[in-house]
Amino acid sequence: MAEERETHDHDHDHDHDHDLTFQPNIEDSEAGRYELMTYAIRELLMEKGHLAPDELRAAQEKVESLQHSDGAKVIAKAWTDADFKNRLLEDGNAALAEVGVDAGAAKMTVVENTDDVQNVVVCTLCSCYPRAVLGMPPDWYRSKSYRSRVVIEPRQVLAEFGTDVPDDMTVRVHDSLADLRYLVIPRRPAGTDGWTEEQLAAIVTRDTMVGVANPTAS
Amino acid sequence: MAETDDPRRGYHDIGGKDYGAIDPEVTEMKPWERQSTAISNALGAAGRHIYVTDESRRAREQMGEPLYSDLDYYERSTESMKMILVEKGLFTEEELETRMKEIGQRMAEARK
């Protein structure tokens, strides 16, 4: 925290000795500092008219609603509707809009895993992620370990996730940017013929749409 | 192979370096982290257009390596948002620090 005596200048209607003023433990940790900063930013923005309660409420609800099951439904549809899959590969944002997903301003590039190619997504510079279809990025996706290594030794990294890629299969690593996001269409596993979209969506996990894992029929 | 020790390279540009084993554990988002994200989104391109993605990137690249390395993901995004909002004059650092102290005291009172 900054110097108490410099910042502690608000009006008081009570007497107290600053040396005895209780300082919450929460200020001792970095996490506490940024939690307090978040609440202070919210209050100041609202007081000054830069943010209204209903705007924040709606934004909060939106963040809470984002989840990878939305992406899984899109993949299940792509697996059962070849025309839709082609539209996804052609223009991700437009195809997602068809099914009611607003992918935002960034370009959504959809790539397909085939028998010959395994696609993997990263953001080396930050942690850009297709939040509109996958929700918030998991810890490992945000980690410096994943960001730094997957572009240089993807097969090793995939092996650490328990995903072995045959030597004759190409691995393509896609590095995201603030203006460009990626979504992977995983390979549809054998043994899923005749499955409904709902059944298919249930086996499409978050990690399979980032490309570090592959779905299985079991 | 990328030149990993190029002095012209920004501290955020870590592709090709080696930060060791990947911890697969996934944690829940904390309430304040969700709130910080929501504020940022409400101010963003789809909302008030006060604080957009490119500005958030620039702040991360400007905060300096010590802070960038010390902070975790949501702390970094909150710091970036604060830097840009102060830069734009929406509030001052002093106002913010004062308010943080007040909120900390309020929270401590509430815990008693």
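**Close-up views of a predicted model**

**View 1. A:Asp139 and A:Arg142, a buried pair.** A:Asp139 and A:Arg142 are both buried. This is a predicted model. The two residues form a salt bridge, with 3.8 Å between their closest N and O atoms. Because A:Asp139 and A:Arg142 stand three residues apart in helix α8 (residues 139-142) of chain A, about one helical turn separates them. An α-helix has 3.6 residues a turn, so residues three or four places apart point the same way.

**View 2. B:Lys82 and B:Glu79 in helix α4 of chain B.** B:Lys82 and B:Glu79 are joined by a salt bridge whose closest N and O atoms are 3.2 Å apart. Both residues lie in helix α4 of chain B, three residues from each other, which is about one turn of the helix. B:Lys82 and B:Glu79 are both buried. Elsewhere, salt bridges with shared partners connect A:Glu43, A:Glu47, B:Arg99, B:Glu102 and B:Arg106 in one network. Over all chains, the whole structure holds 23 salt bridges.

**View 3. A salt bridge between A:Lys85 and A:Glu112.** The side chains of A:Lys85 and A:Glu112 form a salt bridge, at 2.6 Å from N to O. This pair links distant parts of the chain, 27 residues apart: A:Lys85 belongs to helix α5 (residues 82-90) of chain A and A:Glu112 to strand β1 (residues 107-112) of chain A. A:Glu112 has a relative accessible area of 26%, so this residue counts as partly exposed.

**View 4. B:Glu75 in helix α4 of chain B.** B:Glu75 sits in helix α4 (residues 73-87) of chain B. Its relative accessibility is 5%, and B:Glu75 therefore counts as buried, the cut-off for a buried residue being under 20%. From B:Glu75 to B:Glu33 the separation is 42 residues in sequence, while their C-alpha atoms are 8.1 Å apart in space.

**View 5. The buried face of helix α3 of chain A.** Helix α3 of chain A covers residues 53-65, and its 13 residues should span 18 Å at 1.5 Å a residue. The C-alpha atoms at its ends are 18 Å apart, which agrees with that value. Buried in α3(A) are A:Leu56, A:Ala59, A:Gln60 and A:Val63. Seen down the axis of α3(A), these buried residues fall within an arc of 100 degrees, so they line one face of the helix.

**View 6. Strand β2 of chain A and its partner β3.** Strand β2 (residues 117-122) of chain A is mostly covered, with six of its six residues buried. The covering applies to both faces of β2(A): A:Val117, A:Asn119 and A:Val121 are buried on one side, and A:Gln118, A:Val120 and A:Val122 are buried on the other. β2(A) runs parallel to strand β3 (residues 170-175) of chain A, and six bridges join the two. Within this pairing, A:Val120 has A:Val173 of β3(A) as its bridge partner.

**View 7. B:His49 in a loop of chain B.** B:His49 is placed in the loop between α1 (31-43) and α2 (53-62) of chain B. Phi of B:His49 is near 60 degrees, a positive value in a residue other than glycine. B:His49 counts as exposed because its relative accessibility is 52%, the cut-off for an exposed residue being over 50%.

Technical notes:
Residues are numbered from 1 along each chain as its sequence is written. Chains are lettered from A and ligands numbered from 1 in the order in which they are written. This is a predicted model: local features need pLDDT of at least 70, side-chain atom pairs count only at pLDDT 80 or more; totals for chains, interfaces and linings use all residues. Side-chain values use heavy atoms; hydrogens and water are left out. Helices (H or I, at least four residues) and strands (E, at least two) are DSSP runs, numbered from the N terminus. The expected span of a helix is 1.5 Å times one less than its number of residues. Buried means under 20% relative accessible area, exposed over 50%, partly exposed in between (1.4 Å probe, protein chains only). The arc is that of the directions from the helix axis to the C-beta atoms. A salt bridge is a side-chain nitrogen of Lys or Arg within 4 Å of a carboxyl oxygen of Asp or Glu. Two strands pair if DSSP finds at least two bridges between them.
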